[in-house]
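Visitor: I would like to go through this model step by step. Please keep the answers plain.

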Amino acid sequence: YRIGRFVRRNRAHLPAVAVVAFVAILSPIGVRFLNTPSPRLAQTGTTEIAVLPPRAVDPGQRDPALEFAMTESLIVKFEEGGHLNVKQLYAVGRFTDRATDPIQAGRELGVDYVLASTYQIADGRTRVTSQLIDVHTGQADRTVRSETDAHNIFGVQDAVSHEIGNAVLASFGRSGTSFVPRRGTEIEEAYNLYNSALYLIDKGTRNDAATAAELLDRIVEIDPDYSQAWAVRAHAYCQIAHLGGGSPISKYSVAEPMIERALSLNADNAMAYTIRGTINRDYHWNFRQAYKDLRRSIELDPAGVLAHRILGGVYYRDGRFAEAVEAGKKALDLHPTSLHEHKFLGDYLVAAGRSHEGIAQLNRVIAMNPAFAPAYRSLWQIHHARGEEAQAFKYFIAGKQLAPASDAEVASLKAIYDVSGWSGVLRAELERLGSEGPRGGYSPSRVYAAQLAAQLGESDRAFQYLEEALGYRLIGVSHLKVDPLLSPLRKDRRYQDLVRRAGL
């Protein structure tokens with residue numbers, strides 16, 4: 001909650017910090033070009049470019065949320081320039097919190113150029129150095145140094161887009177354009193807090209999502225007509241539910257009116273349609289309406305990776321596996337560094353009967369980040385379904401060690417495997433899950449427990465857990481049509497009744 005507290009306590013100083021965040025790339029007072037662009041810059045055709053979040057020379061001076069805002073202003077500028085394929089904010093956001101080799105980042109993102117910047121505040125002025133780097137040659141084709149005394153984030157955004165944006169466009173042989181901001185609010189405090197919330201949501205943890213929700217609650221008090229804030233506020237509440245931070249009833253039912261408010265303010269709010277599609281998929285289990293919402297979102301914003309991700313999930317849950325693969329590929333193309341996009345594509349490939357490719361894809365995720373637990377869960381379940389118990393146990397234990405489970409729990413599971421085999425491990429896991437909360441009470445793991453019970457031949461117990469999941473409208477219920485671990489129950493009339501009552 002540290003960032004949230006910082007933002008709330010320092011609202012009055014945010015405009016000054018905004019100067020730091022990104023004038024890396026400009027100065028209304030003076031911009032100097034230090035070298036001549038190479039001939040590649042004037043080539044025709046479409047060029048891929050990524051704007052990396054700027055890095056503070058002094059880490060104590062940085063404000064990641066405002067870095068997001070400044071990065072977005074350049075992305076918008078380059079999109080308007082034409083003939084530049086610009087990576088979106090969600091794609092470059094992962095480089096905010098880590099030291100980044102710009103060339104390596106460009107390769108990961110699959111772009112031709114990156115715009116990389118550093119900034120420093122001294123003597124009441126902001127001094128910045130920015131470089132336009134050719135990823136293929138590793139050379140900086142253009143370097144810009146700037147100083148500025150801008151005093152507010154809106155002014156900085158306008159100056160950034162005009163000065164550095166037009167300079168970069170000129171480097172590619174494009175004409176400069178005027179900057180049309182997409183802020184959605186004219187209240188600077190609301191906009192600053194909004195970008196803080198975006199930064200937190202992007203981190204993908206339950207606590208960060210909860211802090212973002214608090215900020216967004218405050219934002220819509222400051223500006224009740226801020227449509228995008230209402231949509232992202234609903235997104236934060238849905239993310240909390242996805243991460244097990246409360247029952248879907250308690251989160252989705254609160255989020256849904258926020259979406260309607262967002263759309264009443266802006267009927268073309270792509271994010272609002274994306275989150276409404278999420279709610280229809282995961283809470284109402286209304287796939288038909290989810291398709292409509294998500295396709296409308298993509299029509300409004302073809303580069304919206306979240307809409308493509310959620311749409312792929314609808315196809316998968318609906319048994320349309322080939323279409324899920326295509327949606328997954330599109331999401332990955334838009335966000336090539338996303339572990340989630342890589343993982344979902346692996347799942348969809350397996351479901352589509354392309355197990356070899358899917359397993360290779362999931363192992364690629366682990367190679368990218370050995371600490372990404374969801375990939376291990378997918379892999380143990382896939383190997384289990386293939387009857388490869390030793391492989392299943394290997395990935396199961398690896399995932400447990402990331403949970404993190406205690407050393408004693410891991411040692412116990414290994415001992416059980418030595419004595420009772422893989423089925424003994426599954427039974428131990430089921431007993432652990434069964435002890436979570438009172439019978440009939442809320443637990444985010446009820447569908448998982450039902451999967452294990454089904455695999456162990458305990459159908460009555462599996463149906464008990466599924467009934468509880470249905471009552472709390474757990475997200476896993478939306479998988480009932482296709483969940484391979486529930487396949488032993490599929491011919492039971494009780495299962496068919498569950499699918500009917502879920503509206504699937």
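Visitor: In which sense do strand β3 and β5 pair, and over how many bridges?

Guide: This is a predicted model. In it, strand β3 covers residues 55-56, and Arg-55 stands opposite Thr-118 in β5. The pairing of β3 with β5 runs in the parallel sense, over 2 bridges.

Visitor: Strand β2 and strand β5 pair too; over how many bridges?

Guide: Strand β2 spans residues 47-51 and strand β5 spans residues 113-122.

Visitor: How many helices and how many strands does the chain have?

Guide: The chain has 504 residues, of which 54% count as buried. Among contacts between residues at least 6 apart in sequence, 67% join residues at least 24 apart. The secondary structure comes to 22 helices and 7 strands.

Visitor: Are α12 and α13 roughly parallel or roughly antiparallel to each other?

Guide: Helix α12 holds residues 287-300 and helix α13 holds residues 305-317. Their axes come within 10 Å and cross at roughly 155 degrees. Angles over 145 degrees count as roughly antiparallel. Therefore the word for α12 and α13 is roughly antiparallel.

Visitor: Which residues in α13 does α12 meet?

Guide: α12 passes α13 in a left-handed crossing. From α12, the residues taking part are Phe-287, Ala-290, Tyr-291, Leu-294, Arg-295, Ser-297 and Ile-298. In α13 they meet Ala-307, His-308, Ile-310, Leu-311, Val-314, Tyr-315 and Arg-317.

Visitor: How many residues in the contact of α12 with α13 are nonpolar?

Guide: The residues that meet include Phe-287 and Leu-294 in α12, and Ile-310 and Val-314 in α13. By class, the contact of α12 with α13 has 2 polar and 2 charged residues. The nonpolar residues in this contact number 10.

Visitor: Are α7 and α9 roughly parallel or roughly antiparallel to each other?

Guide: Helix α7 runs over residues 188-203 and helix α9 over residues 227-242. The axes come within 11 Å and cross at roughly 30 degrees. Angles under 35 degrees count as roughly parallel. Therefore α7 and α9 are roughly parallel.

Visitor: How many charged residues does the contact of α7 with α9 have?

Guide: The crossing of α7 and α9 is left-handed. Tyr-194, Leu-198 and Ile-201 in α7 meet Gln-228, Ala-229, Val-232, His-235, Ala-236 and Gln-239 in α9. These divide into 6 nonpolar and 3 polar residues, and the count of charged residues is none.

Visitor: Is Leu-265 buried, partly exposed or exposed?

Guide: Leu-265 lies in helix α10, residues 248-265. Buried means under 20% relative accessible area and exposed means over 50%. Leu-265 has a relative accessible area of 32%, so Leu-265 is partly exposed.

Visitor: How far apart in space are Leu-265 and Ser-227, C-alpha to C-alpha?

Guide: Leaving out residues up to four places away in sequence, Leu-265 touches Pro-224, Asp-225, Tyr-226, Ser-227 and Trp-230. Leu-265 and Ser-227 are 38 residues apart in sequence. In space, C-alpha to C-alpha, the distance between Leu-265 and Ser-227 is 5.6 Å.

Visitor: Which residues does Gln-381 touch, not counting residues up to four places away in sequence?

Guide: Gln-381 has its place in helix α17, residues 373-385. With a relative accessible area of 18%, Gln-381 is buried. Beyond four places away in sequence, Gln-381 touches Gln-451 and Leu-485.

Technical notes
Residues are numbered from 1 along each chain as its sequence is written. This is a predicted model: local features need pLDDT of at least 70, side-chain atom pairs count only at pLDDT 80 or more; totals for chains, interfaces and linings use all residues. Side-chain values use heavy atoms; hydrogens and water are left out. Axes are lines fitted to C-alpha atoms, for helices over the stretch in contact, and angles run from 0 to 180 degrees between N-to-C directions. Helices (H or I, at least four residues) and strands (E, at least two) are DSSP runs, numbered from the N terminus. Angles under 35 degrees count as roughly parallel, over 145 as roughly antiparallel, 65 to 115 as roughly perpendicular and the rest as oblique. A crossing is left-handed if the near helix is turned anticlockwise from the far one by less than a right angle, and right-handed if clockwise. Contact means heavy atoms within 4.5 Å. Ala, Val, Leu, Ile, Met, Phe, Trp, Tyr, Cys and Pro count as nonpolar, Asp, Glu, Lys and Arg as charged, and the others, Gly among them, as polar. Two strands pair if DSSP finds at least two bridges between them. Buried means under 20% relative accessible area, exposed over 50%, partly exposed in between (1.4 Å probe, protein chains only).
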